[in-house]
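Good morning, and thank you for coming. Please look at the sequence and the structure on the screen while I speak.

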Amino acid sequence: MGNQICGILINSLPREFSEDELDTKKLKTKIIANSISNLSPKDLSVTFSDGNTYIFLDQIFYKNISEEDTLTDLESDLVDIFPKSKILIVVINYTVDFTGYSLIENGIKIRTKAVVKDQIFLDYGDIYDIELKMLEQYHRMREGKPRNLTKMRELYPGYSDDKLYVIDRDTGIKFFKNRQHFADELPYFYKDGTSDNLLIEKQIGSFVDSDIYELEKLNWVVFQRRKINFKNDSLKEYIYLAKK
């Protein structure tokens with residue numbers, strides 16, 4: 001994934017809206033295009049394909065995720081529009097070295113993580129997917145005898161032991177030359193975001209059968225709207241218009 005990506009993938013179509021819950025002024029928002037040239041567009045872009053919904057907008061991720069268990073305003077809005085769905089909010093921006101995602105299933109936040117310039121910025125939820133494989137690899141590296149975590153707990157207060165083990169795995173792979181075969185087997189690291197890139201690719205793959213950039217070829221509805229304040233706004237009107 002060499003290009004920038006910033007958007008939301010949902011494994012369902014929106015629920016039906018009643019007229020009284022829609023803002024008639026927002027229903028007059030100008031539609032300016034039916035195609036996009038990249039997956040981090042400057043204007044709000046919506047499309048539907050194979051029972052999925054895709055919403056892309058540059059910077060929609062940045063102020064709309066947190067590492068609290070409660071949903072953000074954007075996440076709550078999405079759960080309201082797409083109840084009982086799998087929702088993935090994602091950003092991969094190589095220009096500013098920012099990788100992050102938030103995964104919600106059936107209205108519950110499962111995992112949120114963001115890495116900025118090789119530093120963990122947000123980290124909510126238990127490890128899963130590729131991270132679990134990294135944990136398994138750690139225990140094989142340590143031959144079932146994990147090290148004492150006292151110092152690491154001081155360095156990373158609040159982290160679960162599983163996360164600390166995975167971070168320790170990174171240190172071991174980078175430091176011990178004789179561990180190189182482990183690095184070749186799974187050359188992804190927890191703190192620098194490369195494991196998140198892989199995880200995001202796998203999650204996106206669960207939505208999109210083909211390459212994600214094939215999404216650019218779909219028929220999009222692009223609105224003249226570049227910023228949305230989810231404390232006051234909703235995506236309902238734009239999704240309603242896009243689906244008409």
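**Two asparagines, a sheet and two helices**

Let me begin with Asn 64, which sits in the loop between strand 4 (52-56) and helix 1 (73-81). Helices (H or I, at least four residues) and strands (E, at least two) are DSSP runs, numbered from the N terminus. This is a predicted model, in which local features need pLDDT of at least 70 and side-chain atom pairs count only at pLDDT 80 or more, while totals for chains, interfaces and linings use all residues. Residues are numbered from 1 along each chain as its sequence is written, and side-chain values use heavy atoms, leaving out hydrogens and water.

Is Asn 64 buried or exposed? Asn 64 is buried, because its relative accessible area is 12%; buried means under 20%, exposed over 50%, and partly exposed in between (1.4 Å probe, protein chains only). Its side chain reaches the backbone oxygen of Ile 60 at 2.6 Å. Leaving aside residues up to four places away in sequence, Asn 64 touches Thr 72, Leu 74, Glu 75 and Phe 230, where contact means heavy atoms within 4.5 Å.

Asn 38 is partly exposed, since its relative accessible area is 31%. A polar atom of its side chain lies 2.8 Å from the backbone nitrogen of Ser 40.

Strand 7 (residues 108-116) and strand 8 pair in the antiparallel sense over 5 bridges. Within strand 8, Tyr 124 is the bridge partner of Thr 112.

Finally, the helices. At what angle do helix 2 (residues 130-141) and helix 6 (residues 194-205) pack? The angle is about 135°, and their axes are 9 Å apart. Axes are lines fitted to C-alpha atoms, for helices over the stretch in contact, and angles run from 0 to 180 degrees between N-to-C directions. Helix 2 is therefore oblique to helix 6: angles under 35 degrees count as roughly parallel, over 145 as roughly antiparallel, 65 to 115 as roughly perpendicular and the rest as oblique.

Notes
A polar contact is a pair of N or O atoms within 3.5 Å; within protein, one must be able to donate a hydrogen and the other to accept it, and residues adjacent in sequence count only if both atoms are side-chain atoms. Two strands pair if DSSP finds at least two bridges between them.
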